[in-house]
Amino acid sequence: MAATERDYYETLGLSRSASQDDIKKAYRKLARQYHPDLHAGSRKAEMEKKFKELNAAHEVLSDPEIRKKYDRYGHRWQEAEAYEKARQQAGAGPGGGMGRGPGSASREGFDFGDIFESFFGGRSHPGSESGARGFAVQGEDLETDVRLTLREVLTGVSRRLELSQPIPCTACGGTGRLRGRPCSSCTGTGSLAETRTIDVKIPAGVQDGTRVRVAGKGQPGINSGKPGDLYLQVHVESDRVFRRQGSDIHVALPVWPWEAALGAEVLAPTLTDPVKVKVPTGSRSEGKLRLKGKGLPTASGGHGDLFFTLQIVMPASFSEEDRKLYEQLGRQPRPDPRGDLLRAARQG
Ligand SMILES: [Zn+2]
């Protein structure tokens, strides 16, 4: 508890308004950077010092209760607390005191251990170097993007991912310098990126923007610290044919006027093989056909549906024969198709 100690927030590179999550993240990031096992030579001693400072800052700020006390009293919060406590007990009347006046409740004469046990339920002394515990560092969480096609969403997919993580440079032993010059292998940083390959399974039916957590596949911990987790940010590519809506799939299906009029059996695409679908007699444009269970898997274990939206299309070319047939159709008596429209417009 030296008076010259750096501000804990400064040590973590954070402002006083940082959230508990910010503190956790900053700690993990710096712990990896400073960990003495990742450094050698003159840098090692320097990093050991920084690492101790970092652990001290983290132990205090990671506990919201202790953090409050630190915010109030600064580095001397333990003494301030002890002093408060002693004064209260001394002032509690005959027999309730500590056997000394408050003025003598000095650092040397006071058993902090008892106080901390009663305050914090047997927690270790914050700010101290708590041996192995202080040096076990949890691995950092990693995040990576995964792009999937709709067909991959249908079946689920295995992906081989290459993740890179820093390891000490072997050429310079992590010092960043070689024969007085910056090490060329690591460009003076003291660490190199090591590539790790892992296989991940992405479940079927995953939605665009989903974050899939792969437990324990983040960066490894140090000194029996737990590994971090790997998060996969899923991006589902838009498809030229199939439009997704939740677990349903929509496709525009072109049909000739005579197929719509007379009904037809036509070959239609699905996410797997094409299937034959029945276009009913007298189908209208924008009419929908549904193939039950041919959509994407749902969270509840079922499947969405595949919808075809009929689009009545005209042939690109027009023969003399076509003209005759259309003229024949046009001579048939039938109501004006714009009748309803004209009536509605008049009333509007
Ligand atoms: Zn190097």
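Q: Which residues coordinate the zinc ion?

A: Donors are N, O and S atoms within 2.8 Å of the metal (3.2 Å for Na, K and Ca), and water is not among the atoms, so sites may look incomplete. Here the SG atoms of Cys169, Cys172, Cys183 and Cys186 coordinate the zinc ion at 2.2 to 2.3 Å. Bear in mind that this is a predicted model, where local features need pLDDT of at least 70, side-chain atom pairs count only at pLDDT 80 or more, and totals for chains, interfaces and linings use all residues. Residues are numbered from 1 along each chain as its sequence is written, and side-chain values use heavy atoms, with hydrogens and water left out.

Q: What arrangement do the 4 donor atoms around the zinc ion make?

A: Four donors count as tetrahedral if all angles lie between 85 and 135 degrees. The angles around the zinc ion run from 103 to 117°, so the arrangement is tetrahedral. Along the sequence, the donor residues follow C-x2-C-x10-C-x2-C.

Q: Is Cys169 buried or exposed?

A: Buried means under 20% relative accessible area, exposed over 50%, partly exposed in between (1.4 Å probe, protein chains only). Cys169 counts as buried because its relative accessibility is 2%. Cys172 is buried too, at 9%.

Q: And where does Arg179 lie?

A: Helices (H or I, at least four residues) and strands (E, at least two) are DSSP runs, numbered from the N terminus. Arg179 lies in the loop between strand S3 (177-178) and strand S4 (181-182). Arg179 is not a glycine, yet has a positive phi of about 50°. With 79% relative accessibility, Arg179 counts as exposed.

How values were computed:
Four donors count as tetrahedral if all angles lie between 85 and 135 degrees; four count as square planar and six as octahedral if opposite donors are over 155 degrees apart and all others between 65 and 115; anything else is irregular.
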